[in-house]
Amino acid sequence: MYITAPTIGLFLLALALGYASGARVSEGYARVVARNFLVAALLVGLGLTRWTVEGLFAHLQPAGVAYLFFVGGVLCPVAWLLGQTVPVLTNLMNHRRTGEASGYALYWSTLGSFLGSVSLSLLVMQWLGVSAAVLVCALLLAVGSLGLAGQDPEGALGARLAALGVAGVVVVPGLVPAGGVTDTAHADYSVTPVALPGYQDARAFFVNNSLASLLDEAEPPRYARYVTHLRRILLEELAFRDRQILVLGAGGFTLSHREASNHYTYVDIDPEIRAIAERDFLRAPIQGSFVVDDARRYVMATDRRFDAVVVDVFSSHTSIPGHLVTREFWQDARQVLAPGGVLLANLILDGKLETPYARSLLATLETVFGRCGVEVLHRSQPLSNVIVSCYASSQPGPRRIYQDERNPADLDLARSR
């Protein structure tokens with residue numbers, strides 16, 4: 001909400017300013033639009049590439065500064081340039097009434113927005129990935145500029161050459177391999193060798209440029225610390241054997257790697273993640289079954305019950321999707337627990353659990369489960385994996401404070417035995 005709403009708002013503001021700017025154009029209509037298309041093609045083709053976006057957010061800190069540079073330097077200028085198209089081209093429409101010309105211009109503009117958004121999101125992004133959608137947009141703008149160049153006899157040759165040049169500039173980055181990055185409609189994935197103390201020929205599975213899983217070539221293999229911790233809880237502390245375990249968020253599928261004593265069901269929203277993980281990261285089939293679905297929708301709809309539910313869903317290294325931190329989600333997750341089951345949540349929080357986000361998230365969990373176990377794995381680091389353990393048998397209840405004047409601690413202790 002805090003990213004999408006300002007982005008849409010700023011985009012619409014730039015679009016409105018573009019409408020006003022286009023209304024002041026009084027001559028050379030086709031030439032103005034052709035020029036705007038060329039500049040927009042460059043901004044889209046170069047400004048939305050992975051190299052530009054990742055470079056901005058890697059070198060400009062905090063992330064809010066990078067966001068402002070991206071929106072102010074790429075997104076809003078494109079909206080401003082293309083916003084001029086409707087009022088400028090309305091001057092070329094041969095209609096007797098101004099309202100008729102404006103109505104048809106808005107009709108075609110809005111229809112194009114509808115067809116473009118639906119086709120790019122549901123077709124191009126799903127089949128070819130986000131980078132392909134960016135390339136299509138840039139090429140269409142360049143082709144549009146090339147077509148408009150013929151409407152302006154003066155300088156038509158130069159305009160066409162410029163359009164062809166821009167098309168070449170935006171095509172080349174779109175065709176260059178992205179350094180082993182696999183792009184889908186939901187995320188970017190890459191597998192990179194990493195050198196870590198105690199690991200042998202380790203490789204990391206990155207999702208949206210954030211570390212999701214680790215695996216090495218040792219025998220037995222080593223995993224990310226939080227995965228090792230979860231495996232120890234399930235296999236050693238709880239001694240699970242032949243149990244049903246639900247994992248919300250596939251990551252690299254390492255929780256069940258070479259673990260055949262239990263039955264694992266992974267749920268992830270991206271249908272491509274399994275093939276990518278098996279081919280590039282695990283280099284073997286996953287252990288368990290895979291369901292393509294949104295985590296919250298799955299726990300709301302399924303009739304199955306599980307001995308353990310592992311919540312490990314992130315859209316980036318630190319960001320859990322907002323609909324997966326609410327009390328209603330934890331209530332739905334509790335419903336799929338079998339009697340005596342356990343919920344294990346991997347959260348990325350500050351190591352001291354002092355931030356408002358950490359306190360509120362843990363408090364939200366405890367309104368559903370009562371007191372839960374909390375283990376901080378990296379206490380000395382600003383951000384840490386925090387493993388929260390909650391049991392189906394636990395219930396939230398009233399709390400009272402022990403004081404010198406009224407101290408029923410001994411009575412409570414006796415009742416608890």
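Ser21 lies in helix α1, which covers residues 4-23, where helices (H or I, at least four residues) and strands (E, at least two) are DSSP runs numbered from the N terminus. The model is predicted, and for that reason local features need pLDDT of at least 70 and side-chain atom pairs count only at pLDDT 80 or more, while totals for chains, interfaces and linings use all residues. Residues are numbered from 1 along each chain as its sequence is written, and side-chain values use heavy atoms, with hydrogens and water left out.

- Ser21 counts as buried because its relative accessible area is 14%, the classes being buried under 20%, exposed over 50% and partly exposed in between, with a 1.4 Å probe and protein chains only.
- Leaving aside neighbours within four places in sequence, Ser21 is in contact with Trp80 and Gln84, contact meaning heavy atoms within 4.5 Å.
- Ser21 and Pro87 stand 66 residues apart in sequence, and their C-alpha atoms are 8.7 Å apart in space.
- Ser389 belongs to strand β11 and is buried, at a relative accessible area of 8%.
- Ser389 is in contact with Leu343, Leu344, Cys372, Gly373 and Glu375, once neighbours within four places in sequence are left aside.

**Cysteines**

- The count comes to 1 disulfide, a disulfide being a pair of cysteine sulfur atoms within 2.5 Å.
- Cys372 and Cys390 form this disulfide, with their sulfur atoms 2.1 Å apart, and the link is right-handed, with 115° about the S-S bond.
- The pair links distant parts of the chain, since Cys372 is in the loop between α13 (356-369) and β10 (373-376), whereas Cys390 is in strand β11, 18 residues apart.
- Cys372 counts as buried at 7% relative accessibility, and Cys390 is buried with a relative accessible area of 0%.
- Cys76 has its closest cysteine sulfur in Cys137, and because the distance is 16 Å, the two are too far apart for a bond.
- Cys137 is in no disulfide and counts as partly exposed at 27% relative accessibility, whereas Cys76 is buried, with a relative accessible area of 15%.

**Nonpolar cores**

- In soluble globular proteins, nonpolar side chains tend to be buried together.
- A nonpolar core is taken here as a set of buried Ala, Val, Leu, Ile, Met, Phe, Trp, Tyr and Cys residues joined through side-chain atoms within 4.5 Å.
- The largest nonpolar core has 39 residues, and those with the most contacts inside it are Phe205, Ile245, Phe253, Leu255 and Tyr266.
- At least two residues of this core come from each of β3 (202-207), β4, α9, β5 (244-248), β6, α10 (273-282), β8 (306-311) and β9, with the largest share, 6 residues, supplied by α9.
- A second, separate core of 34 residues includes Leu248, Val267, Ile320 and Ala358.
- Leu255 touches Val227, Leu230, Arg231, Leu234, Val247, Tyr264, Tyr266 and Val310, not counting residues up to four places away in sequence.

- On a 1 Å grid over the protein atoms alone, a cavity is a set of points where a 1.4 Å probe fits but cannot get out, and a pocket is an open set with protein on both sides within 12 Å along at least five of seven lines, while lining residues have an atom within 4 Å of a point.
- Grid points are joined across faces, edges and corners, and a volume is the space filled by probe spheres set on the points.
- The structure holds 1 cavity of 30 Å³ or more, and the largest cavity contains about 90 Å³ of space.
- The largest cavity is lined by 15 residues, of which Tyr226, Val227, Ala250, Leu255 and Asp312 are the closest to its centre, and α9 gives the most to this lining, with 3 residues.
- By class, the lining of the largest cavity has 9 nonpolar, 5 polar and 1 charged residues, where Ala, Val, Leu, Ile, Met, Phe, Trp, Tyr, Cys and Pro count as nonpolar, Asp, Glu, Lys and Arg as charged, and the others, Gly among them, as polar.
- The second largest pocket holds about 1000 Å³ of space, and of its 47 lining residues the closest to its centre are Leu211, Ala212, Tyr226, Asp312 and Phe314.
- Two or more residues of this pocket's lining come from each of β4 (210-215), α9 (225-237), β6 (263-268), β9 (337-350) and β11 (383-391), and β4 gives the most, with 5 residues.
- The lining of the second largest pocket divides into 23 nonpolar, 16 polar and 8 charged residues.
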